[in-house]
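Please keep the sequence and the 3D view at hand while reading.

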Amino acid sequence: MKPPPFEYHAPATVEEAVQLLGAGNGTYALAGGQSLLQLMKLRQLKPSALVDLNGVSGLDALEERDGELHVGALVRQQRLLDDELIAASWPLLREAVSFVGYKETRRRGTIGGSLAFAAPWAELTAAAVALDAAIDVRSATGERTIQARSFFRGPGKTTLEPGELLVRVRFPAPAARSGAGFHEVSARYRDYCQLAAAAVVSLDGTAALVLLRVAPTPFLFDASSALEDEGALEGLLAGIEPEDDVEVSAAHRRRVAPVLARRALRDALAHARQREKA
């Protein structure tokens, strides 16, 4: 099936892009297009206009600045997997994106598109929440910052206002003596995740754990107590209320969640110890 007719715009600057997006009336931003174009072909989305961001200057920047990692909205997912700086200092990003589709899709898919689309299976949403990222957005009236931990509102829903464009994601400097772990299960190789767990652990005794597919948004836990007492993890996860879908039951998700959470925490702790010895 082909999408219905729409207007096409190709701005060269962020300022032009937000002016176009501010027109509203069914105007959508186009980055990698891995999700948007599929929904358009199925006619589940019918934009009146697309604003193609691929020619916008500066949105593909990736750099370390004052200890933070600044990732432009157009940075491709494959670049997160290949970049040596990310592997050394923000390994959870690399671990999470290694589960995203195939190389061909990662070469087009962007970090900004993944977060803004807010699919419940999107691994980068879990990483952003676990790492307490800050999301910079622009509109025709100015710029604001939204913490990743308050950015997601449900499947396909975020706190982005009409006319706002996600321009940058900022990841804080990694804590000293910290490590990361990520585990996922899916029905088929490289398929959408049925359940995923992301963990960031510090040898100082703190642990952030994020689960996907147990709630409408990435679910954040303070798992510090589980570092000393694995039995505490069962108590932390006792209140999760995942949903059934066509591939897996809620009961199965409840059974698997502690397994993935424990693996992610153990990997993160081992990684922290390894980094301390290096």
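How many residues lie between S4 and S5 in the hairpin that they form? There are two residues between S4 and S5, and Asp66 in the turn has a positive phi of about 55 degrees.

## Basis of the model

This is a predicted model, in which local features need pLDDT of at least 70, side-chain atom pairs count only at pLDDT 80 or more, and totals for chains, interfaces and linings use all residues. Residues are numbered from 1 along each chain as its sequence is written, and side-chain values use heavy atoms, with hydrogens and water left out.

## The sheet

Five strands make up an open sheet, arranged in the order S4-S5-S10-S6-S7 with antiparallel pairing. Strands are DSSP runs of E with at least two residues, numbered from the N terminus; two of them pair if DSSP finds at least two bridges between them. Strand S4 (62–65) and strand S7 (142–147) are the edge strands, each pairing on one side only.

## Strand S5 and its partners

Strand S5 (residues 68–72) is joined to S4 by four bridges in the antiparallel sense. Val71 in S5 is the bridge partner of Leu62. S5 also runs antiparallel to strand S10 (residues 165–171), again with four bridges, and Gly72 stands opposite Arg168 in S10.

Four of the five residues of S5 are buried, so this strand is largely enclosed by the rest of the structure. Buried means under 20% relative accessible area (1.4 Å probe, protein chains only).

Technical notes
Buried means under 20% relative accessible area, exposed over 50%, partly exposed in between (1.4 Å probe, protein chains only).
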